[in-house]
Structure formats: C-alpha cells, structure tokens
Amino acid sequence: MSDTITAAVEALTEKLGGEAFDGSAKFSLGDEGSLIIDADGVRIGDDDTDVTLSADVETFKEILSGELNPTAAFMSGKLSVDGDMSAAMRLASVLA
C-alpha cells in the first residue's frame, strides 16, 4: 500500500479518538488503494462496506486536513458516494 494510505489510517484513527464508527465506510483513492472505517477502527482494506467514498488523493488530503468540507467536496463532484448516504453523513461529522 502507499504511504498516503498508511498516513491516512493514522490520521483518521487520531480523528476518531478511540471512538467506534457506527457502520462501515470505505475511502477509495484509485491506484493508491483504499481504507476501511468501522466499529473496529481504521485499517487498510477493500472489504464491502455500507458506503464507499471515492476521491483523488489531493481531494482526500484536503478533506483530511480540514481545508475542504466533505459535503462541499461531494456537491462540487470532487467526492463521489456510493451506498448508504446516512453512513456518509456520519463519517462527514467525524472528519469535520
């Protein structure tokens, strides 16, 4: 896996602050790989989840750093969501 995905797992784990995520979500970053967020925490993986969020690496980094609001990314077409929209909204609140 890429350094980007490994760093993202660490950053998202810190954002969760030890709290479990209600549901399961996957961030897919194209050729870089993907990561899973669920009740067990954050890990590298490509399992089936309630929702899959897809973005390029730059957009993902902007969301993770707080430079770009996940909802704004979705509305502008920089972030696509496939699956349970309520799980995506719960995840957006974690990232904000």
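Okay, so before anything else, one term: a patch here is made of residues with over 30% relative accessible area and no salt bridge, and nonpolar side chains are joined into one when they sit within 5 Å. Keep in mind that this is a predicted model.

So which residues form a nonpolar patch on the surface? Here they're Phe 74, Met 75, Met 85 and Met 89, and together they have about 420 Å² of accessible area. The elements giving two or more residues to that patch are α3, which runs 70–75, and α4.

Let's stay with α4 for a moment. Met 89 is found in that helix, and with a relative accessible area of 48%, Met 89 is partly exposed. But α4 has buried residues too: Ala 87, Ala 88, Leu 91, Ala 92 and Leu 95. Look down the axis of α4 and those buried residues fall within an arc of 145°, so they line one face of the helix. If you're wondering about the spacing, an α-helix has 3.6 residues a turn, so residues three or four places apart point the same way.

Now, the inside. The largest nonpolar core has 25 residues, and the ones touching the most other members are Leu 12, Phe 27, Leu 35, Ile 37, Leu 53, Phe 60 and Leu 91. Several elements give two or more residues to this core, among them α1, β1, β2 and our friend α4. The largest share, five residues, comes from α1.

Last stop, Leu 12. What does Leu 12 touch, leaving out residues up to four places away in sequence? Its contacts are Phe 27, Leu 35, Ile 37, Val 42, Phe 60, Leu 64 and Leu 95. And Leu 95, remember, is one of the buried residues in α4.

Technical notes. Residues numbered from 1 in each chain as written. Predicted model: local features only at pLDDT ≥ 70, side-chain atom pairs only at ≥ 80, totals over all residues. Heavy atoms only, no water. Core = buried A, V, L, I, M, F, W, Y, C linked by side-chain atoms within 4.5 Å. Buried < 20%, exposed > 50% of the residue type's maximum accessible area, 1.4 Å probe, protein only. Helix = DSSP H or I, 4+ residues; strand = E, 2+ residues; numbered from the N terminus. Contact = heavy atoms within 4.5 Å. Patch = residues over 30% accessible without salt bridge, like charges linked within 9 Å, V, L, I, M, F, W, Y side chains within 5 Å. Areas by Shrake-Rupley, 256 points an atom, 1.4 Å probe, with all protein chains shown as cover. Salt bridge = Lys/Arg side-chain N within 4 Å of Asp/Glu carboxyl O. Arc of directions from axis to C-beta.
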